[in-house]
Amino acid sequence: MSLIQIDNLAKEYKSGNEKVIAVNNISLEIEQGEFISLMGESGSGKSTLLTMLGGLNKPTKDKVIIDEIDIYNLSANRLADFRREYIGFVFQSFQLIPYLTVIENVQLPLATNSHSKKLQAELASSILNKVHLESKGKRLINELSGGEQQRVAIARALINDPMILLADEPTGNLDSKTSEDIMNILLELNQTGKTVIMVTHNPVFKKYSTRNIQLSDGKLIC
Amino acid sequence: MKLYNISLQSIRRRKARTAFLVTGLLLAVASFVTLFIVSENVNQSVASDLDEFGANMLITPKSDGLNLNYGGVSVTGLTFESGSLKQDDIALIKTIKNRDNLSIIAPKLFAASKIDPAGGAGEKNIIVSGVDFKEEIRLKKLWQVNGKYPAKENETVIGSEVNKVLGLGLNQKINLNNEEFIITGILNETGSQDDGLIFIDLTKAQILFNKQNQLSLIEIAARCYDCPIEEIVRQSSEKLPGAKVTAIKQSIESKMTAIHRFEHFSLGISSVILIISLLIVFTNVNASVNERTREIGIFMAVGFKRWHIIKIIILEVLIASFAAGILGFFIGVAAAKIITPILSMNESLEINFSYILLLTSAGMAVLAGLLASVLPALKAARLDPTVAFRSL
């Protein structure tokens with residue numbers, strides 16, 4: 001059975017009196033270890049689909065099955081547990097907590113579990129090593145470059161060793177050289193078995209993915 | 001990294017917001033503490049003044065007979081069967097548990113005497129009151145005397161009515177029980193029984209009327225601010241089984257009414273301050289939650305549950321509130337030390353460090369913080385992830 005299964009998934013919003021169909025009957029199966037690039041114009045429903053896969057946006061129709069779990073059938077608390085265990089988010093604007101240091105941001109997903117301080121520090125150091133930020137653990141976020149901030153965000157997404165990495169335009173705010181670095185990190189992670197689903201506008205990055213999915217007006221076009 | 005670390009770091013590194021939150025509560029707590037200490041001093045000062053403004057307790061010998069009515073209480077002993085009230089009883093009264101509440105103890109001996117004004121007006125009947133002038137003057141704050149109070153044992157001060165009836169004058173000599181006294185002072189009209197009395201030294205009166213160690217009554221001004229007068233009456237009655245101890249309730253009630261007015265005033269102001277502080281914290285935390293939508297979205301994305309978000313926000317407010325409570329206490333005490341002498345209520349004010357007031361201040365601030373932050377915290381936790389995520 002596929003890792004992710006959706007069948008005729010839909011999401012409708014109301015904008016004033018107008019009904020907006022953000023995701024329109026999308027059916028999709030994603031296997032473990034795939035690297036999906038999700039492309040399409042602005043407003044095509046890419047980010048909405050991503051948040052729906054991440055358990056943060058309940059579909060209007062149908063369900064999202066991940067690892068045989070109907071995630072929107074879970075209670076709010078169990079869904080939060082699911083997100084922590086299965087999903088790592090990476091955002092275009094990094095979305096780090098500005099008043100926490102680099103290592104504290106990386107440890108953020110561990111704040112609700114019972115890991116000891118020592119174990120948390122070891123895990124965070126090990127992940128920061130992977131993204132080559134081991135020397136910057138005590139820095140505040142605003143002391144880092146954009147590329148470094150995105151690497152911190154990736155480290156935070158990885159700290160709980162999730163099966164799925166959801167990246168919403170992770171290189172959108174970065175220069176081409178830094179973007180390549182970030183894409184290489186994502187590729188390395190994918191090669192270790194993680195399923196990566198990445199929203200991007202940049203067709204160049206299709207080359208990193210194992211499958212490219214195109215969306216238009218909320219519909220899957222290929 | 002634990003949830004409390006997030007709250008602590010938020011407080012530590014978001015200095016402007018923390019300062020605003022702490023300052024709002026700190027001012028409220030400091031105002032409360034200042035007002036509490038100042039009003040406590042006002043109350044004590046007023047209570048003390050009122051307590052000394054006339055007696056609120058009367059001790060008379062037990063008797064079945066009806067005799068002199070003194071301040072609304074009948075007094076035995078004018079027939080001089082007053083053997084049951086002794087000079088030594090004063091010492092006994094001072095041994096009661098609430099002796100510290102006894103402010104003024106004014107013993108008296110009444111004696112009927114013939115007066116022979118040296119002017120030759122002829123002998124008249126008069127009541128002589130032997131008093132301890134030091135205590136009596138403290139007790140009778142409304143007394144105004146023309147001349148001066150007696151300093152020697154053969155000096156006397158007379159009531160206005162006595163003066164009118166007998167046509168006496170200052171420095172005039174009068175004979176009481178064949179002994180000569182000089183009038184050193186004449187009391188202005190008081191409207192009380194004092195207008196018809198002649199006052200001489202208590203010890204002299206006891207010797208003059210051969211009533212050594214005897215008393216007709218004892219007037220007491222007790223501080224009732226922190227002790228019910230009924231309790232002092234009960235304790236005194238136990239010590240003096242042969243005496244009748246009476247509380248002058250009208251006097252007590254009027255005093256307590258005055259004191260309670262101050263207490264109600266303080267309570268009213270404190271309540272207003274508390275409400276204002278609640279609004280300050282509520283507005284502040286609510287604004288903070290609105291600003292932190294993005295942050296709440298991040299918390300949701302990394303798997304925080306609703307109560308985790310509530311815990312972070314409330315903990316943050318509680319830590320800031322606790323600090324505000326402690327700081328507010330010390331600032332409030334300092335302000336009270338400055339304000340109280342300016343208001344001239346008690347220049348010799350000594351404000352003792354009160355752990356209870358410190359804990360109350362901290363507790364009040366924490367409670368205010370908790371009350372004001374619950375709704376915004378719930379609002380944050382109930383934030384629709386879609387809305388929170390739209391800002392990411």
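**Notebook: strand pairing in chains A and B**

I began at the end of a sheet in chain A, where A:L215 has A:L220 in β10(A) as its bridge partner. The model I consulted is a predicted one.

I then looked up the strands around this pair. Strand β9 of chain A, residues 211–216, pairs with β10(A) in the antiparallel sense over 2 bridges. I noted that strands of a sheet pair through backbone hydrogen bonds, either parallel or antiparallel.

Next I traced the whole sheet. I recorded an open sheet of 6 strands in chain A, in the order β6-β7-β8-β3-β9-β10, with mixed pairing. Its edge strands are β6 (87–91) and β10 (219–220), each of which pairs on one side only.

I also checked what lies over the β6 end of this sheet. Helix α5 of chain A, residues 146–158, lies across β6 and β7 (164–168) of that chain and runs at about 170° to β6(A).

I turned to chain B and asked which strands pair with β9(B). Strand β6 of chain B (residues 145–147) is joined to β9 (residues 179–187) by 3 bridges, and the two run antiparallel; here B:N146 has B:I186 as its bridge partner. Strand β7 of chain B (residues 155–158) pairs with β9(B) in the parallel sense over 4 bridges, and B:E155 stands opposite B:I182. Strand β8 of chain B (residues 173–176) is joined to β9(B) by 4 bridges in an antiparallel arrangement. I found B:I182 again as the bridge partner of B:K173.

Lastly, I inspected the hairpin of β8(B) and β9(B). The hairpin has 2 residues between the strands, and B:N177 takes a positive phi near 50°.

How values were computed. Residues are numbered from 1 along each chain as its sequence is written. Chains are lettered from A and ligands numbered from 1 in the order in which they are written. This is a predicted model: local features need pLDDT of at least 70, side-chain atom pairs count only at pLDDT 80 or more; totals for chains, interfaces and linings use all residues. Two strands pair if DSSP finds at least two bridges between them. Two residues are in contact if their C-beta atoms, placed from the backbone, lie within 7 Å. Axes are lines fitted to C-alpha atoms, for helices over the stretch in contact, and angles run from 0 to 180 degrees between N-to-C directions.
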